[in-house]
Structures are given as structure tokens and as C-alpha cells.
Amino acid sequence: MSDFWILLTGSLVAACCGIVGVFLVLRKMAMIGDAISHSVMPGIVIAFLISGSRDSMLMMFAALVFGLITVLLIGLFQRSGIQSDASIGVVFTALFAIGVILVSLFARQVHLDQDAILYGEIAFVHWNLWEIGGMSLGPKAVWLLGVTLLVISLIIGLFYKQFKICSFDPALAAAIGIPVAFFHYLLMGLVSMATVSSFESVGAILVVGMLIVPASTAYLLTEKLGTMIALSIAAGIVSTFIGYSASIWLDASIAGCIVCAAGLLFLAAFLFSPTQGLVVRKLRMRSLAVSETR
Amino acid sequence: MNNITAMLSDPNMRWILLGCMLLGLSSGVIGSFSYLRKQSLVGDTLAHAALPGICIAFMLTGVKSIGVFLVGAGIAGMIATFGIGYLTRHSKLKQDAALGIILTTFFGLGIVLLTFIQHGDYGNQSGLDKFLFGQAAAMVGSDVVTMSLISILLVTICTLLFKQFKLISFDPGFARGIGYPVALLEQLLMLLMVIAVVAGIQAVGVVLISAMLIAPAVSARYWTNSLSAMIALSGLFGALSGALGTWISSSVSSMPTGPVTVLAATFFFIVSVLFGPKRGIVAKRFMSARVKKRFLLENELRAERMKGEAAG
């Protein structure tokens, strides 16, 4: 049974992150995803100190606030003339440092440690059950991720066209009256939500991996947005299954193995993608050269 | 003030203080070049990518020493930079996605290896993860000696190759044109960055070391337009952050040195963004207020003159 819950949690994480990750990769903001996943940490700690539990709506809200603060600060520094990647680097490290300091100052109240935040505890997902009136309804993490997935797919589904235009041609979007800034922050809010609900089960690093790697794999395989989202989710889920089996076989970190599996899938797409793959392009080049000489 | 003298009289603290200052100095110097070359986040990627290298080095040798780790992390860092370049050149992925992919997969691999080490029978493994997430308090004299050697090496190379590094930071095309081995110099700069990162990991940890590469350099950029002054200032900001971080964490209980050092660097950054001459926010506001005032005054004078001309 624990296998089932772990795989379900991993797949839900893959789906949440896979959808928003596509937009991050398309808008060349992959590293902003990395930044958000680190800088929601002080939000999580503060919410934990106030509410005393790990799975409150407050935590979601605090993480959302910190995610948006991150994006706002990065934008602010960029506009005052600092290179974008340097402003990303300064903002997320500062917020992460605040988070680490809070954890170590209130270590006794906060049952969070750096390791759990960085690696996650997906192996213990099925211990933390949600019970109503003595009836067990399955792990809390699954419910949280399920709700997040629902919200993400609802919002992306409703505003699919707007998100699409904003990703490919923000100037056109602005010209035809789509509030580009609003959709930018909406997307960032969704990224923060995906990050924080995946956080405690899989850790900060796996979240970044799930945001960027499957979406990039899909990016190399197709040129249609809808297909890309589907492929991104599929790549995430497949790497969850491969990674989990590998982690049992190797007796190693589940989150680490899942990221490695996602990396391997990406490598496969990079080499063998039917349109963009390195090997395929080399072969095509060779056949062209042969037909030239004839 | 009292606890500064107390800190300086404790030989252990003196080592840690020196180590953190040297770390700040060398990462500040290297960070200036990476900022100008628009590669600030490459440092972050290199720091994460160092993890599997360090783990493999430990698995092969069974020794926990900064020298062995440096070799492992250096090789891993080189593979990572090669990977980033290869991905961006041979696919439609942009640099940010390439950085993210390399960062997470290498780090994931590192975590797999780390748990492998923890579950396997590598006797002396305790504290390897502490080392990776930063624990300046665990630094001892021999670590600081290694770090001093590394810092001296880094600063010397940067001084000797100052002209070359300057040119490839501002105009790599021109550098290639006059016959500099640009690819080699870029690789060398990358190697120096790897060295600075690995030397710093012990004090501030994998996640936060990139701050020490970025924040002092950006702060220094606000105060000067000359590269040599910028590098000196950046080194100074880095060293001051190291000193401030050590001091605060030694005087407040359960304050980790690494994050406090990073926050000190962020503090210098914010001060620079606000009060830097010409580019700082306050200076810009001041300037625009002055221009506005002058414009209004001129308008008024013109109106007066027009009135005078109409009357006369």
C-alpha cells in the first residue's frame, strides 16, 4: 500500500509541476522556478510557527505571499539596472538564508530540518494520514496535491488562450488588451502553489527538477503547446515510476532517483527526438551528404 | 565591541573568522568576472553540480579533506559547464533551462550518492552532509590553511591574467580577433569559479554559496566604473560579510554562520542599491528631482520673458 501512495504522490507532483513548468520553460524563466522553490522557505517556517502544523491553508498562503515577493523583488532589481540572473541569485539566496536562520533559531518549535526541506520525505507520505471521525481518507499530502492540481488545471484551462499568447508573444498580448502583468503574477502564484504543496513530500530540489526537466523534455519533442503539456506530465510520471523502482533497487533517496530518472529521459529526448534529436539530425545530415555526392 | 575582543582572543574563532573572510574575498573577486560575463547563476549551478563530484571523491578515497573534494568537484564542475554549453548549442533550449536541468540532475545524482554513502559501509561518513550544507564552526586550522592557499592562488591568477580576463569579460569577439585563446581563458575562469565555490561550500553550504559570488560583485558595481576598483571593492565587501557573519553568529546563540554571512552580503547589496553614487535609487531620485526643478525654473523664466516681450 505504501508503494501505491508514494507513486500517487509522486505522480501528482509530476502533474502539478509539469503543467506550470511548461510555461516557465517557454517564457525562459526556468531559473525563476528555482528561485521560488527556495524562497518560499521563510514563508513555510513562519506559517509553521504561527499555526503549529505542517498542512494548513496558512502555509499555502504564506508560501504564495513569499513566492510573489520573490518575483516582485526580482523585477524591482531588474528594473533598477541589475542583470536578471544576478537579481534572481541575490533574492532567492537572501530569502533562503532567512529561512535557514529561522529554522535554526526556532529549531525546538519547528519540526522541520534542512534535510527534510531539501530532500523531502516522500517515503513517509503514507504515515501522515487524514482522518475524519476515525475514518482514514488517505495521506494528507495526496489531498493537498490533488486540490493544487485541480486549481492549476482549472486556472490554466480557463485562461489557456491568454497564457498561450502571453508565453509566445507578450507584445501581441499587450496590444490586444490582455493584462500581461496580471497573467505573469497569476502564473507565478501557481508556481508557488505547486512548489509548496510538493515541498514537504519531495523537497526543494526535486520540485525544481520536476518543474524544469520534464517540461524541457517535452519542449524537445513537440511544437504544440497542448501536446507539450501532456508530454511534460507524462515524462514526469514515467520518471516517478522509474525513479521509485531504482531507489528501491539501490536503497537510495527516492527524490534523488526520480530527478535522475527525469534527467535520463531528458537525455534520451535530447539525443533521439524525432525532430530535434542530436542523433537524428546527424543521420539526416549524413543522408543529405550522401545524396549530394551522388 | 566587547565580544569582538572575546572572539579574537579565542584561537578557534580566529580561524573561523579568517576562513570566512578569505572565502568572501576570493568569491568576491571571481564573482566580479562572472557578473560582468552575465553568468551569475552559473556559480549556483556549479555549486550544486559539485555534490556528486564530492561524493564520488569520498567514495573512492574514503578521506574527508578539502583537497580531495576539490579534485572531485572540479571534475564535476567541468562536466557541468561543458553540459550547459553543449545543451544550449545543440538544442533549442535557452541557457536558463540548460542551467536548471544540469543543476537539478547533478544535485539529484549527488543526493542519491549521499544516501548511498550513508547506507553503505563507509565508516568515516559522519558529517559529510554537514560539510555540504555549510558549517563554518566545524572549520579547523588545516582547513583554513588550505583556504588561504586557495585564495592566494585565485587572487594571484586574477592579477596576472587581469588584462586577458578584462578583455574576455567585455569584448570576447575582440579578444578572439587579436589572437587570445578565448576558449582556454573562459575554461580557466570557470575552473577558478569551481575552486572558489568548493572552497566556500564548507562555510556556507551548497545552496547559499552562489550568494557570495553574486551579491558582493553587484554591490561593487554600484560604486565604480573601473574594473580593478570593482574587483577590489567586491573582495572587500565579501571579506566584510564574512567577518560580520562570523561575529554575529558567534555572539548570538544558535545562529548559523553561513546564512548570516549571506544576509550580511545582502545588507551591503541593499545599501549599494539605495545609496550608490549615480546609479543608486536615492541618487537617481535626487537627480530626477533636480532636473525637474530646473525644468520648471526654466519654464517660469521663459514665461516671464515672453510676458516681458509682449508688454514691450
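**Figure 1. Order of secondary structure along chain B of the predicted model.** Read along the sequence, chain B runs α-α-α-α-α-α-α-α-α-α-α-α-α-α, with 14 helices and zero strands. This is a predicted model, and it scores ipTM 0.88 and pTM 0.86. The mean pLDDT of chain B is 85, and 92% of its residues reach 70 or more. Where pLDDT is low, the predicted coordinates should not be read in detail. Along the principal axes, the C-alpha atoms of chain B fill a box of roughly 100 × 60 × 35 Å. Of the 312 residues in chain B, 48% are buried. When contacts between residues at least 6 apart in the sequence of chain B are considered, 73% join residues at least 24 apart.

**Figure 2. Packing of α2(B) against α10(B) within chain B.** Helix α2 of chain B covers residues 11–36, and helix α10 of chain B covers residues 182–204. Their axes come within 9 Å and cross at roughly 150°. Because angles over 145 degrees count as roughly antiparallel, α2(B) is described as roughly antiparallel to α10(B). The crossing of α2(B) and α10(B) is left-handed. On the side of α2(B), the contact is made by B:Gly19, B:Cys20, B:Leu23, B:Ser26, B:Ser27, B:Ile30, B:Phe33 and B:Ser34. On the side of α10(B), the residues are B:Leu189, B:Leu192, B:Met193, B:Ala196, B:Ala199, B:Gly200 and B:Ala203.

**Figure 3. The contact between chain A and chain B.** Chain A contributes 50 residues to this contact, and chain B contributes 45 residues. On chain A, the elements that give two or more residues to the side touching chain B are α2, α5, α6 (114–119), α10 (180–221) and α12 (254–272). The most is given by α5(A), with 14 residues.

**Figure 4. Crossing of α5(A) and α13(B) between the two chains.** The axis of helix α5 of chain A (residues 84–105) and that of α13(B) come within 9 Å and cross at roughly 140°. At this angle, α5(A) is oblique to α13(B). The crossing of α5(A) and α13(B) is left-handed. From α5(A), the contacting residues are A:Val90, A:Thr93, A:Ala94, A:Ala97, A:Ile98, A:Val100 and A:Ile101. From α13(B), they are B:Pro259, B:Val260, B:Val262, B:Leu263, B:Thr266 and B:Phe269.

**Figure 5. Helix α13 of chain A.** This helix comprises 16 residues, 278–293. At 1.5 Å a residue, α13(A) should span 22 Å, and its end C-alpha atoms are 23 Å apart, which agrees. The number of buried residues among the 16 of α13(A) is zero, so the helix lies largely in the open.

Figure 6. Most residues other than glycine have a negative phi. A:Lys28 lies in the loop of chain A between α1 (2–26) and α2 (30–39). With 15 other C-beta atoms within 10 Å, A:Lys28 is partly exposed. B:Lys278 is exposed, because 10 other C-beta atoms lie within 10 Å and a count of 12 or fewer defines an exposed residue.

How values were computed:
Residues numbered from 1 in each chain as written. Chains lettered and ligands numbered in written order. Predicted model: local features only at pLDDT ≥ 70, side-chain atom pairs only at ≥ 80, totals over all residues. Helix = DSSP H or I, 4+ residues; strand = E, 2+ residues; numbered from the N terminus. Buried ≥ 20, exposed ≤ 12 C-beta atoms within 10 Å, placed from the backbone. pLDDT = per-residue confidence, 0-100. Expected span 1.5 Å × (residues − 1). Axes fitted to C-alpha atoms, helices over the stretch in contact; angles between N-to-C directions. Parallel < 35°, antiparallel > 145°, perpendicular 65-115°, else oblique. Left-handed = near helix turned anticlockwise from the far one by under 90°. Contact = placed C-beta atoms within 7 Å.
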